[in-house]
Every structure is written in structure tokens, then in C-alpha cells.
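Subject: Structure handover

Hello,

Here is the structure I promised to pass on. Please open it alongside this note, and I will walk you through what turned up.

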Amino acid sequence: MTAPIALQLYSVRDALSKDFEGTVERVASFGYHGVEIFGNFRSASQTRQLTDDLGLRVCGRHASFDPLVANLAGEIEYALELGAPYLVCAWSKASDEWSWGRIADELGRMAAEAEAQGLKFAYHNHGHELLESFDNRRVMDLILSKPKVYGELDIAWLRAGGVDSAEYVKAYAAKTPLLHVKDVAYNGKDWDTVELGQGQVELAKTIAAATPEWLVVEQDHSPDPLGSAQRNLETLQALLGR
């Protein structure tokens, strides 16, 4: 697989809050081809200048559902300024106000508006979209049924969500331009993200089932986030034979 490798910067969020420019420089030095942006540590233009100077491409922009509902136009503008081809809904959860059916319809509307502005729109799963259902359909299947909504399938949360990650990725390969490469282990109570190769995800089999534009490394929690980011890249490169 020749897809370039990016780091979701959420993985190193604490370091970013202390030294944004220096942390992104460290990420570039590890050998990543790109980054996926979350939050507003700097303006879009400042972030774009930094990534351009470091030879990093921005593969996507993450925003949660509520900010997207509140200010879709602003999020689209921010992503366009970054030069990101994808605006990604990073998180949503059903509530009394927002059923999963209503959320899916709204995601479809957002995707159509993003496309009209020159962006593609994707949805990043956690475990609950696989475990919960709406109208007799798995929630993630419902979301991906929206024609203009792409998947950013997170293979660790597919595993935690109780599905065969390789089979699920294969089923949606044509609609998954961004693949979150992550590992996860069950500690007896909860699922914990761990460094690649240290968990229960069938990494090689799952990645081989995909045809993404980008492989995006992420580790939600680590005692050594920057060290994990470097080691995860090295593990993935070895797995891919690079």
C-alpha cells in the first residue's frame, strides 16, 4: 500500500498546548507525510504556513457534531484555509434532542454543503456507533448510507465496537478515503488505546482490506505521546515494508 501516513494531532495535544510549532516540527522530523488537525491552537493561515514550511500536508480537519451544527460555514472556511481536502465529524452522540436518525440526516446535509464549497465530508467512528442501532440498522451503517458522507473508519474502535475490523473495512473500502490506524486492548473494564502491535486489532489484515488515500495514526492516550507517535510510525512503516 502506497498511501501516505499522517498523524492525528490529538495524539500529542498536551505538547501542542505548550509548544505548538515545536511539537509539529517534532512530528515532521519523525517522517510523517502529513497531519490531521483538531482544535484551534493557531489560525488556519498560521497552521497552513507552518505545515507548508515543514513539508507536511493537511489531510483533514476534525470538528465535533455540535460545533458543526453551530457554525458549519466557519468550519468549512477553516478547513479550506488549511488546504484540507476533508472536513471530518469527529464525534456525535444521540440525545433527547438529536436521535441518530436526525443526526444522520444532518450529517448528510453538512456533506452536501461541504461538497458545494469544494470539500469532502467524512465521519469518524467510536465504538458506540457500532454498538447502537436506529430503526433496526447499526448506526454507523446508517451514517454511511448517506451518499455524500465518507467514512474515516477507526480500526481500534471498530474492534471495541464488536465488529471484525477487516471485514468492516473491506465492506466500506470504496467509501473510506481516510483510515485511522490505531490499536486497542481491553483492561477488564474498558478499552484502552495502546501503541500499534500491543493490542487486539488485526492490523495487517485490516489495513490490507482498505484502499485509503491516507493512513492516519492516532493514539488517544499514552504516557509518552510523542514517543508513541514516533514508535507507531516506525511500526506501521515496518508493517507496510517501507
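Two strands count as paired if DSSP finds at least two bridges between them. One thing to keep in mind as you read: this is a predicted model.

Let me begin with the strands. Strand 1, covering residues 5-8, pairs with strand 2 in the parallel sense, and 3 bridges join them.

Is strand 2 buried or exposed on its two faces? Both faces of this strand, residues 34-37, are covered. G34 and E36 are buried on one side, and V35 and I37 are buried on the other.

Now for the aromatic residues. The structure holds 7 aromatic pairs. One of them is F38 with F41: the ring centres are 5.5 Å apart and the planes lie at 75°, so this pair is edge-to-face. F41 has 26% relative accessibility and therefore counts as partly exposed. Both residues also belong to an aromatic cluster, which they form with Y10 and F20.

Another pair is Y86 with Y150, also edge-to-face, with 6.2 Å from centre to centre and 85° between the planes. This pair links distant parts of the chain: Y86 is in strand 4 (residues 86-89) and Y150 is in strand 8 (residues 149-154), 64 residues apart. Which of the two is buried, and which is partly exposed? Y86 counts as buried because its relative accessibility is 1%, whereas Y150, with a relative accessible area of 25%, is partly exposed.

Finally, two arginines sit over rings. The charged end of R13 is over the ring of Y10, 3.9 Å from the ring centre; Y10 is the tyrosine from the cluster described above. R102 lies over the face of W98, at 3.7 Å from the centre of that ring.

Notes:
Residues numbered from 1 in each chain as written. Predicted model: local features only at pLDDT ≥ 70, side-chain atom pairs only at ≥ 80, totals over all residues. Heavy atoms only, no water. Buried < 20%, exposed > 50% of the residue type's maximum accessible area, 1.4 Å probe, protein only. Helix = DSSP H or I, 4+ residues; strand = E, 2+ residues; numbered from the N terminus. Phe/Tyr/Trp six-rings, centres within 6.5 Å; stacked < 30°, edge-to-face > 60°. Lys NZ or Arg CZ within 6 Å of the ring centre and 35° of its normal.
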